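Visitor: I would like to go through this model with you. Could we begin with the backbone and move on from there?

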Amino acid sequence: METFFEVSRGARRRARIRAELPTDPPLALVEVSTAIDALPDPEFLCAEERAAAITAAARQRNRLDAYLCDLAGSADRHGDAQVLHAGTTGTLVAAATGSATAVGSAIVMTAAALRDLPVVAEAFREGDLSGAHVHAITSHAETISEFKDLEPAVVQLATQTDPTEVGRILRVVADAETDGDRGDLDYAVQRGKRSLRITARANGMWRLEGLLDEISGAAVANALAAFTAPRDSHDTTTANQRRADALTDIADATIANSKPLGTNAVSILVDIDQLPDGQGAHLTDDIALTPATFDLLSCTAVCSVILGVIRADTFVPLALGRSARIANAAQWAALIARDRGCIRCGRAPRYCQAHHIIHWKNGGLTNLSNLALLCSRCHHDLHDSRYTITMDTHGVPHITPNRGPPSVRRA
């Protein structure tokens with residue numbers, strides 16, 4: 001299998017942690033395993049017996065899931081991850097359960113949320129609620145005023161219907177508070193209900209959920225609206241996608257305002273032997289990057305590119321490429337003086353990045369004659385082949401639109 005499949009370093013690390021974990025559970029869990037071994041063969045049961053067994057098995061699964069959640073919460077409170085050299089409790093749970101780190105972290109977060117929801121927690125332990133029910137409830141509890149008063153009724157509802165319906169009803173309750181009679185939802189109450197949840201998902205993506213008061217919500221909506229106009233007639237992105245892009249643009253602008261020549265928390269590790277092609281590049285959390293994605297990320301000034309070599313399955317850094325890859329203070333000032341902002345759309349310099357016209361990884365120099373200011377959105381469009389940049393003999397960058405739909409992203 002090693003010949004055909006390359007396992008990420010993060011997965012290998014979790015496997016090593018799992019191999020080093022203690023293997024002697026409490027006797028009661030051994031007895032549970034023995035009892036499972038003694039369960040009857042489904043083929044020898046009649047229809048009524050199978051149906052009853054499915055119900056009973058689901059209830060016991062819920063109880064075990066609740067116990068796993070309790071274990072994760074207790075491990076987090078007692079700092080077991082540090083004792084067992086696992087880093088974080090999410091990593092410890094992921095290693096012990098053979099899951100992705102995001103899944104382990106989600107279990108720990110659920111355990112933390114259940115500490116404030118005793119009725120839900122008890123129903124979970126009794127097997128009346130599934131893990132999906134609990135997730136639906138904990139995802140919406142903080143958005144509903146006086147949820148504690150509703151908690152028993154919500155649990156009763158959850159025992160009678162599926163998790164999707166529970167989530168829908170709770171959204172209706174939350175929306176009714178926000179969008180209904182404004183007389184009983186003054187600004188102080190709105191501020192008390194504000195929340196933002198950002199959760200890493202098992203597939204590598206992130207989910208954002210939350211509520212804002214009317215003033216903050218209007219400010220955010222106006223800020224997003226300033227970034228969401230379609231770029232051209234070939235722009236096939238949806239309004240929701242453009243809002244997601246706008247949020248990233250605002251984050252980039254915030255970083256640029258506080259650290260115009262610095263970096264954010266994103267670092268790319270690259271095997272120096274594969275630098276020109278970008279093969280094998282990955283982030284510090286072991287998410288692999290395709291060559292096209294590496295081109296796009298390494299071209300910006302808000303990422304660190306750390307060059308190194310692979311030795312004994314370990315990345316050994318050789319140099320921090322950022323010092324020679326991004327514009328220095330004098331170059332940045334000169335770029336602002338020359339370009340005045342994004343050379344394509346005119347967005348202010350504080351929203352821009354210093355782009356290498358001849359890509360840095362292909363030998364392009366970090367000097368004024370090879371740099372141009374681009375905002376994040378236009379930078380993405382460049383890598384989507386919507387246009388090209390050339391430098392004239394006077395050292396001034398020029399835009400040439402590419403006709404037709406965008407091609408596969410490439411530098």
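Predicted model: local features only at pLDDT ≥ 70, side-chain atom pairs only at ≥ 80, totals over all residues.

Visitor: What is the phi of R340?

Guide: R340 is not a glycine, yet its phi is positive, at about 65°. Most residues other than glycine have a negative phi.

Visitor: Is R340 buried or exposed?

Guide: R340 counts as exposed, because its relative accessibility is 65% and the cut-off for exposed is over 50%.

Visitor: And H85, where does that lie?

Guide: H85 lies in the loop that runs between α4 (80–83) and α5 (89–97). Its phi is near 55°, again a positive value in a residue other than glycine. With a relative accessible area of 68%, H85 is exposed.

Visitor: Changing topic: how many disulfides are there?

Guide: Zero, according to a search of the whole structure.

Visitor: What about C345?

Guide: For C345 the closest cysteine sulfur is in C342, at 3.7 Å, so this pair is also too far apart for a bond.

Visitor: How accessible are C342 and C345?

Guide: C342 is buried, with a relative accessible area of 3%, whereas C345 counts as partly exposed at 33%.

Visitor: Now the helices. At what angle do α3 and α7 pack?

Guide: Helix α3 (residues 47–78) packs with helix α7 (residues 118–126) at about 125°, and their axes are 6 Å apart. That angle makes α3 oblique to α7.

Visitor: Which residues meet there?

Guide: From α3 the residues are R59, N62, R63, D65, A66, C69 and D70, and they meet F124, R125 and E126 of α7. By class, this contact has six charged, three nonpolar and one polar residue.

Visitor: And the chain as a whole, how many helices and strands does it have?

Guide: The protein chain has 17 helices and ten strands. It comprises 411 residues, of which 35% count as buried.

Visitor: What share of the contacts joins residues 24 or more positions apart?

Guide: Such pairs account for 58% of the contacts with a separation of 6 or more in the protein chain.

Visitor: Finally, what is the accessible surface of the chain?

Guide: The accessible surface comes to about 23600 Å², and 58% of it belongs to carbon and sulfur atoms.

Notes
Residues numbered from 1 in each chain as written. Heavy atoms only, no water. Disulfide = S-S within 2.5 Å. Buried < 20%, exposed > 50% of the residue type's maximum accessible area, 1.4 Å probe, protein only. Helix = DSSP H or I, 4+ residues; strand = E, 2+ residues; numbered from the N terminus. Contact = heavy atoms within 4.5 Å. Areas by Shrake-Rupley, 256 points an atom, 1.4 Å probe, with all protein chains shown as cover. Axes fitted to C-alpha atoms, helices over the stretch in contact; angles between N-to-C directions. Parallel < 35°, antiparallel > 145°, perpendicular 65-115°, else oblique. Nonpolar A, V, L, I, M, F, W, Y, C, P; charged D, E, K, R; others polar.
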